[in-house]
Amino acid sequence: MPEEQDLEPRDDELIQALAGLQLAPANRPVRDIWYQAGVARGRRQTTVWRAISLCTMAAIAGLLLRGNQSSPSVVPSAYVHQSPPRPVAPVAAREQKPVPVFSAINMRLRDAVLEHGLEALPPSIDGGDEPAMRAAASNGI
């Protein structure tokens with residue numbers, strides 16, 4: 001065991017704290033010991049949560065007091081006057097002729113494709129050598 005002069009101050013505090021401990025009575029049930037430990041833990045947690053809520057309330061109160069001092073008492077407002085919409089002159093609707101889905105040109109093209117395959121299609125609009133459908137068919141689309 002180390003001698004007394006080799007001990008640090010915190011070791012002295014530990015020795016004094018350990019000397020103050022007392023054994024629990026042997027006839028006490030284990031349930032009571034666990035219950036008392038839970039009560040002590042609950043007290044410690046309650047103290048911590050009280051301190052946290054107190055700090056939070058103090059911070060909110062400080063922000064509210066500081067916020068009232070820096071903001072003006074009158075909030076400027078603006079009113080935007082909206083003029084009524086101008087009357088719009090009616091536009092005469094032009095009648096459009098319905099585009100027949102099965103026109104004679106479409107029917108002839110369909111018949112030509114059925115007889116001769118994709119070779120019957122006209123050249124593409126963009127000026128390429130191959131018809132658009134032939135290009136798509138060769139790409140596997």
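Asp111 is partly exposed, with a relative accessible area of 34% (buried means under 20%, exposed over 50%, and partly exposed in between, with a 1.4 Å probe and protein chains only). The model is predicted, so local features need pLDDT of at least 70 and side-chain atom pairs count only at pLDDT 80 or more, while totals for chains, interfaces and linings use all residues. Residues are numbered from 1 along each chain as its sequence is written, and side-chain values use heavy atoms, leaving out hydrogens and water.

**Confidence**
- The protein chain has an average pLDDT (the predictor's confidence in each residue, from 0 to 100) of 77, and 74% of the residues score at least 70.
- Mean confidence is highest in helix H2 (residues 30-70), at 88, and lowest in helix H4 (residues 132-138), at 51; helices are DSSP runs of H or I with at least four residues, numbered from the N terminus.

**Salt bridge**
- The whole structure contains 1 salt bridge, defined as a side-chain nitrogen of Lys or Arg within 4 Å of a carboxyl oxygen of Asp or Glu.
- Arg110 and Asp111 form a salt bridge, with their closest N and O atoms 3.3 Å apart.
- Arg110 is partly exposed, at a relative accessible area of 44%.

**Helix H3**
- The 13 residues of helix H3 (residues 104-116) should span 18 Å at 1.5 Å a residue, and the end C-alpha atoms are 18 Å apart, which agrees.
- Gly117 follows H3 and has a positive phi, near 80°.

**Leu18**
- Leu18 lies in helix H1 (residues 9-19).
- Leu18 counts as exposed, at 52% relative accessibility.

Note on methods. Helices (H or I, at least four residues) and strands (E, at least two) are DSSP runs, numbered from the N terminus. The expected span of a helix is 1.5 Å times one less than its number of residues.
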